[in-house]
Each structure stands twice: as structure tokens, then as C-alpha cells.
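Hi,

Here is the structure I said I would pass on.

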Amino acid sequence: MPSRLLQVIALTLAALGLAPGATHLLELPVKLGYPPALYAQVTSTLYALFGPVGGVVQMAAMAAVAVLAFRCRRLPQGRLLAASAAALLASLLLWAFLVAPVNAEWGSSTDVSQAEFAAAYARLRGRWEYGHVAAFIAWLAGWLGMAAAFTMHPPVGAGVRVSP
């Protein structure tokens, strides 16, 4: 396995990358019950740092896991790490194709009346919320694959010494 430091960095970044999706998932039942005007007000202000911070963390996590997968390509853990990197990439693609277009449309709705603003949010909130859920599930799958890869024991008789 590559350096422990790279493993810790990748696992930590991927764990931090779970936070935005987990937040959306936990808020989902409550926010879907909001009337459109309140939903628009909350959603348009609450997530200001999710993209700039969460996006950077998730991109760094995906890069770190891809490096680990490449470095471990000849080890038993390599396939799990490659699948993990693919799941993280799938999460980012789900966000890009499902959520980002909604963000763009909502962003262009700021110069309209309050009623039109709320209507734009009401029309697209299902895609936005469930897009986050799909991205979270893919990200969680990637993180779980990494955790499994990092805790795999070498095959019996592989000649690997385990220190006490």
C-alpha cells in the first residue's frame, strides 16, 4: 500500500466530502414541506459556501483516490480503489448534470418578482434535492470502497510481515 499519509489524506478528504450531501439528505424532509417562498429564501442563502469549499474538497478527494488507485493497481486493493475513484467521479458528474443546471437557472431568477422567484424554486426543487441525494449515494459508495480497501488484509501466504 502507498504511504499512510496519502491514505489518511484521501480518506479524510473523502469523509469531508460526505458532509454536504449528508446535510442535504438530513434537511430534505423538512425543506420539502416548506412553502415555495420560504424554500426559495432558505435555499438561496443557506448554501453559499457549499460550492467553493465543498467542491474543492471533493475534487481534491477524487484526485487523491485516483492517485492511490494508480499506485495500487497491482495490489488486491487496487481494484477497490479504482472503483472508489469511479464512484467519486460519478458523484461529481451527477451533481454537474442534475444540480448545477438548477443552480444556474435559479441564479438567473434573482431579477424577477418575489412570486416568480419562489415559483422558479418550486418548479426545480425536486431535481435539485434528489440530485444531491443521488450524488451523496455515489460519494458514500466511493468512501465505503476506500474504507474497505484500506482495511483489507493481505492474502494468506503472501509473504507480508505484520508487525505487532
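**What I found**

Leu28 is buried, with a relative accessible area of 10% (buried means under 20% relative accessible area, exposed over 50%, partly exposed in between, using a 1.4 Å probe and protein chains only). Before going further, the housekeeping: this is a predicted model, where local features need pLDDT of at least 70, side-chain atom pairs count only at pLDDT 80 or more, and totals for chains, interfaces and linings use all residues. Residues are numbered from 1 along each chain as its sequence is written, and side-chain values use heavy atoms, with hydrogens and water left out.

(Helices are DSSP runs of H or I with at least four residues, strands are runs of E with at least two, and both are numbered from the N terminus.) Setting aside neighbours within four places in sequence, Leu28 is in contact with Glu129, Tyr130 and Val133, contact being heavy atoms within 4.5 Å. Leu28 and Tyr130 are 102 residues apart along the chain, and their C-alpha atoms are separated by 8.7 Å.

His132 belongs to helix α5. Is His132 buried or exposed? It is buried, at a relative accessible area of 9%. Not counting residues up to four places away in sequence, His132 touches His24, Trp95 and Val99.

Phe97, in helix α4, is another story: with 60% relative accessibility, Phe97 counts as exposed. Phe97 and Gly131 are 34 residues apart in sequence and 8.6 Å apart in space, C-alpha to C-alpha.

**How the helices pack**

Two packed helices are described by the angle between their axes and the distance between the axes. Here the axes are lines fitted to C-alpha atoms, for helices over the stretch in contact, and angles run from 0 to 180 degrees between N-to-C directions. Angles under 35 degrees count as roughly parallel, over 145 as roughly antiparallel, 65 to 115 as roughly perpendicular and the rest as oblique.

- α4 and α5: the angle is about 170° and the axes are 8 Å apart, which makes α4 roughly antiparallel to α5. The residues of this contact divide into 29 nonpolar, eight polar and four charged. (Ala, Val, Leu, Ile, Met, Phe, Trp, Tyr, Cys and Pro count as nonpolar, Asp, Glu, Lys and Arg as charged, and the others, Gly among them, as polar.)
- α1 and α3: these axes come within 8 Å and cross at roughly 140°, so α1 is oblique to α3. The contact includes Leu6, Ala10 and His24 of α1, and Phe50, Val65 and Arg71 of α3. By residue type, the α1 and α3 contact has 14 nonpolar, six polar and one charged.
- α2 and α5: helix α2 (residues 36-46) packs on helix α5 (residues 114-151) at about 70°, with the axes 8 Å apart, so the two are roughly perpendicular. Among the residues in contact are Pro36, Tyr39 and Thr43 of α2, and Phe117, Tyr121 and Trp128 of α5. This contact splits into nine nonpolar, two polar and two charged residues.

**The cores**

In soluble globular proteins, nonpolar side chains tend to be buried together. A nonpolar core here is a set of buried Ala, Val, Leu, Ile, Met, Phe, Trp, Tyr and Cys residues joined through side-chain atoms within 4.5 Å.

Which members of the largest nonpolar core touch the most other members? Out of 22 residues, they are Ala10, Val65, Leu68, Leu81, Trp139, Met146 and Phe150. At least two residues of this core come from each of α1 (4-32), α3 (50-71), α4 (76-107) and α5, and α3 gives the most, with seven residues. Another core, of 11 residues, lies apart from this one, and its members include Ala40, Val102, Phe117 and Ala120.

Cheers
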